[in-house]
Amino acid sequence: MAVIELNNLNFSYDNKNNILKNIDLKIEEGEIFGLIGPSGAGKTTIIKLLTGQLYSKDNVKVFNDIPKGKLFYEQIGFVMDSIGLYERLTCYENLKIMSMIHNVNVLNIMEKLEMVGLKDDANKAVYKLSSGMRQRLLIARGILHSPRILFLDEPTRGLDPATAKDIQEIFLKIKDEGTTIFLTSHNMQEVENICDSVGFLFNGELVECGKINAIKEKYEMNKRVSFIDDEGVKSEYDIKKDKKELIDAIKSNNSFYINSETVSLEDIFIKLKRSGVNAS
Ligand code: ADP
């Protein structure tokens with residue numbers, strides 16, 4: 001079942017320049033979707049539309065309805081840069097305030113702190129937390145009420161690779177509990193590691209979107225392999241078009257070396273950017 005649907009979405013902040021152009025997108029319940037794009041492409045604008053912070057007639061549907069109202073906010077959580085924490089209060093106290101707002105049982109607090117790896121820091125004041133710990137706390141706050149969808153805007157931006165990896169593991173745990181995750185990222189490796197589906201957004205246009213495996217297969221079509229023959233001479237072959245030549249080369253050499261790397265999301269991103277996509 002699709003929990004997020006954008007149908008031919010156009011959006012402009014000033015009624016003149018379209019920031020988002022003809023966007024069609026469907027996200028299935030239970031998956032992790034990653035939206036990749038350069039700065040200014042429109043990723044945050046999409047999250048704001050999906051979380052009811054911006055409004056656009058009826059082209060935006062979450063749970064098959066316009067994203068607004070109490071019931072909607074009970075079912076979503078979001079982690080965005082702009083949302084602050086109470087610095088002098090502890091992790092536990094910050095979540096306690098949130099539990100009162102969401103009318104959530106306080107017993108959930110320790111469970112969520114444990115889930116994000118902050119159980120032993122429950123009584124630490126926020127101003128004493130590292131940036132990775134702050135991010136963990138923001139995630140705990142976002143999932144305190146066990147939302148059906150969690151929205152994350154650049155959730156690992158500015159974190160060191162080891163901390164980013166730990167945070168990615170938390171997202172996989174959240175997914176295991178049945179939560180759908182929508183995240184934006186600059187980090188293609190992150191999307192490749194944890195997402196089921198991906199969208200590439202360039203200058204407000206969703207130029208490629210779908211299951212990661214299917215997209216990779218599509219771009220694998222023109223994949224080249226390097227072949228080094230028994231005299232050390234290197235040749236390149238298109239894995240589909242030059243299949244016969246490649247087989248001939250294998251047959252006519254006693255020893256050879258073949259190097260074929262699988263296509264990564266980064267390769268696809270670069271290819272899309274170079275291939276005349278209206279990149280920002
Ligand atoms: P991203 O998240 O991909 O970096 P944004 O959604 O933040 O992109 O921004 C997309 C475009 O919309 C940018 O050109 C940005 O300057 C513009 N923009 C963002 N917020 C506003 C706003 N409140 N008013 C006018 N323009 C905005």
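Throughout this passage, a residue is called buried when its relative accessible area is under 20%, exposed when it is over 50%, and partly exposed in between, with a 1.4 Å probe and protein chains only. The structure is a predicted model, in which local features need pLDDT of at least 70 and side-chain atom pairs count only at pLDDT 80 or more, while totals for chains, interfaces and linings use all residues. Residues are numbered from 1 along each chain as its sequence is written, and side-chain values use heavy atoms, with hydrogens and water left out.

We may begin with the chain as a whole. The protein chain has 10 helices and 12 strands, where helices (H or I, at least four residues) and strands (E, at least two) are DSSP runs numbered from the N terminus. Along the principal axes, its C-alpha atoms fill a box of roughly 75 × 50 × 30 Å. Of the 280 residues in the protein chain, 47% count as buried. The chain exposes about 14,600 Å², of which carbon and sulfur atoms supply 47%; accessible areas come from the Shrake-Rupley method with a 1.4 Å probe, and for residues only the protein chains shown count as cover. With contact taken as heavy atoms within 4.5 Å, 66% of the contacts between residues at least 6 apart in sequence join residues at least 24 apart.

The ligand comes next. Its shell (residues with a heavy atom within 4 Å of it) consists of Tyr13, Ile19, Pro38, Ser39, Gly40, Ala41, Gly42, Lys43, Thr44 and Thr45. Helix H1, residues 43-50, gives the most to this shell, with 3 residues. By class, the shell holds 4 nonpolar, 5 polar and 1 charged residue, where Ala, Val, Leu, Ile, Met, Phe, Trp, Tyr, Cys and Pro count as nonpolar, Asp, Glu, Lys and Arg as charged, and the others, Gly among them, as polar. A polar side-chain atom of Tyr13 lies 3.4 Å from a nitrogen atom of the ligand. On oxygen atoms of the ligand, a backbone N or O atom of Ala41 lies at 3.1 Å and a polar side-chain atom of Thr45 at 2.5 Å. Taken alone, the ligand exposes 560 Å², and the protein buries 54% of that.

An α-helix has 3.6 residues a turn, so residues three or four places apart point the same way.

The loop between strand S6 (149-153) and helix H6 (161-176) includes Thr156. Thr156 counts as buried because its relative accessibility is 9%. Beyond its neighbours within four places in sequence, Thr156 is in contact with Ala164, Ile167 and Glu190. Glu154 also has its place in the loop between S6 and H6, and its 10% relative accessibility makes it buried.

Most residues other than glycine have a negative phi. Glu154, although not a glycine, has a positive phi of about 50 degrees. Asn8, likewise not a glycine, has a positive phi of about 45 degrees. Asn8 lies in strand S1, residues 2-12, and is partly exposed, with a relative accessible area of 41%.

Methods. Polar contact = N/O pair within 3.5 Å; in protein donor to acceptor, adjacent residues only side chain to side chain.
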